[in-house]
Amino acid sequence: MHRRTFLRNTGILSGVTLLFQKNALASVFSTFDYDIKMLRNDVGIFTERGGTIGFLLSKEGIVVIDAQFPDTAQHLIDDLKKRSANPFRYLLNTHHHGDHTGGNIAFKGVVEHVVAHKNSLANQKAVAERGNSLDKQLLPDITFGEDWKLKIGDETIKADYYGAGHTNGDAIYHFEKANIFHTGDLMFNKRHPFVDRSAGANISQWIKDLDKVAKKADKDSIIIFGHSLNPGEETGTIEDVKKFQDYLGKVLKFAEQEIKRGVSKEEFIKNSSIPGVTEWTGQGIERPLTAAYEELTSK
Ligand SMILES: [Zn+2]
Ligand SMILES: [Zn+2]
């Protein structure tokens with residue numbers, strides 16, 4: 001693991017000094033703080049800000065899963081260029097959210113293709129149109145419905161879509177040979193998840209999606225999570241997937257029970273804990289509570 005923390009330019013240098021020392025100091029006085037960790041075979045992860053990025057360095061080119069934000073994506077590109085002389089071939093998006101596709105634009109002219117589920121493309125476009133930022137997007141040029149497959153180098157990457165979950169366009173990417181899954185935001189490790197009902201999220205179906213992952217994976221599988229409460233816990237095993245499934249089940253059960261008791265949504269989302277849940281802590285509990293309440297009362 002490489003952690004590099006550099007000081008931000010504090011503005012203490014005079015213009016002249018800065019001019020002369022610009023090149024020498026450029027790397028020191030730019031801020032970046034990222035981690036790159038190789039997992040197995042030639043598959044690794046990059047973390048800085050936003051959803052965890054996965055990547056493959058194959059002899060037939062580089063594949064990247066998700067792109068965080070433009071500045072952090074550039075850190076990734078620069079670093080991977082030092083690790084491999086091969087071209088960037090594919091950028092795969094797990095879903096449309098800005099902390100996963102905002103950095104797509106850094107791959108413009110760098111990568112050959114951008115791949116995503118068809119709903120992810122539709123969502124990315126819709127959000128960008130609403131925010132007047134279509135020019136800041138690099139949209140997928142390859143989309144799929146149920147699944148998609150890429151053979152590259154010694155690896156095969158299989159994309160699967162199992163239905164709505166965190167949004168209505170979450171893909172799971174499976175490095176079949178390395179036995180590594182990137183689940184995107186279908187996995188929030190020990191952190192209360194965002195549940196994007198405006199983009200078709202559904203917690204009941206989400207639990208079933210994770211069943212499919214659990215069925216495909218085995219005890220040696222490495223699972224890459226979209227987000228983790230604790231830095232350094234962006235990957236785990238199928239046991240973590242089952243724990244998150246259990247958490248989602250408890251959120252739904254809690255909502256169902258309180259709705260039956262006649263508790264209002266406003267009251268319900270004030271809860272600061274979920275019965276039986278001990279490992280999911282931190283901020284944002286109102287997000288899954290709100291989504292569960294709305295999901296169960298909108299039927
Ligand atoms: Zn995310
Ligand atoms: Zn997301």
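Reader: What share of the protein's residues counts as buried?
Author: Of the 299 residues, 51% count as buried, where buried means under 20% relative accessible area, exposed over 50%, and partly exposed in between (1.4 Å probe, protein chains only). This is a predicted model, where local features need pLDDT of at least 70, side-chain atom pairs count only at pLDDT 80 or more, and totals for chains, interfaces and linings use all residues. Residues are numbered from 1 along each chain as its sequence is written, chains are lettered from A and ligands numbered from 1 in the order in which they are written, and side-chain values use heavy atoms, with hydrogens and water left out.

Reader: Ok, and how many helices and strands?
Author: Eight helices and 16 strands. Both are DSSP runs numbered from the N terminus: helices are H or I with at least four residues, strands E with at least two.

Reader: What about contacts between residues 24 or more positions apart?
Author: They make up 64% of the contacts with a separation of 6 or more; contact means heavy atoms within 4.5 Å.

Reader: On to the metals. Which residues hold the zinc ion (ligand 2)?
Author: His95 (NE2), His97 (ND1), His166 (NE2) and Asp185 (OD) are its protein donors, 2.1 to 2.2 Å away. Donors here are N, O and S atoms within 2.8 Å of the metal (3.2 Å for Na, K and Ca); water is not among the atoms, so sites may look incomplete. Along the chain, the donors of the zinc ion (ligand 2) follow the spacing H-x1-H-x68-H-x18-D.

Reader: And which ones hold the zinc ion (ligand 1)?
Author: Its protein donors are Asp99 (OD), His100 (NE2), Asp185 (OD) and His227 (NE2), at 2.0 to 2.2 Å.

Reader: Why is the arrangement around the zinc ion (ligand 1) irregular?
Author: Because its four donor atoms subtend angles of 87 to 163 degrees. For the rule itself: four donors count as tetrahedral if all angles lie between 85 and 135 degrees; four count as square planar and six as octahedral if opposite donors are over 155 degrees apart and all others between 65 and 115; anything else is irregular. The site of the zinc ion (ligand 2) is irregular too, with angles of 91 to 167 degrees among its four donor atoms.

Reader: How far apart are the zinc ion (ligand 1) and the zinc ion (ligand 2), and which residue coordinates both?
Author: They are 3.4 Å apart, and Asp185 coordinates both. Distant parts of the chain are linked by the pair of His100, in helix α3, and Asp185, in the loop between β12 and β13, 85 residues apart.

Reader: Are those two buried or exposed?
Author: His100 counts as buried because its relative accessibility is 0%. Asp185, at 2%, counts as buried as well.

Reader: Switching topic: where does Glu233 sit?
Author: In the loop between β15 (227-228) and β16 (235-236). Glu233 counts as partly exposed, because its relative accessibility is 27%.

Reader: Which residues does Glu233 touch?
Author: Leaving out residues up to four places away in sequence, Glu233 touches Asn189, Lys190, Phe225 and Ser228.

Reader: Last one: what lies over the face of Phe194?
Author: Arg287, at 3.7 Å from the ring centre. A charge sits over a ring if NZ of Lys or CZ of Arg is within 6 Å of the ring centre and within 35 degrees of the ring normal.
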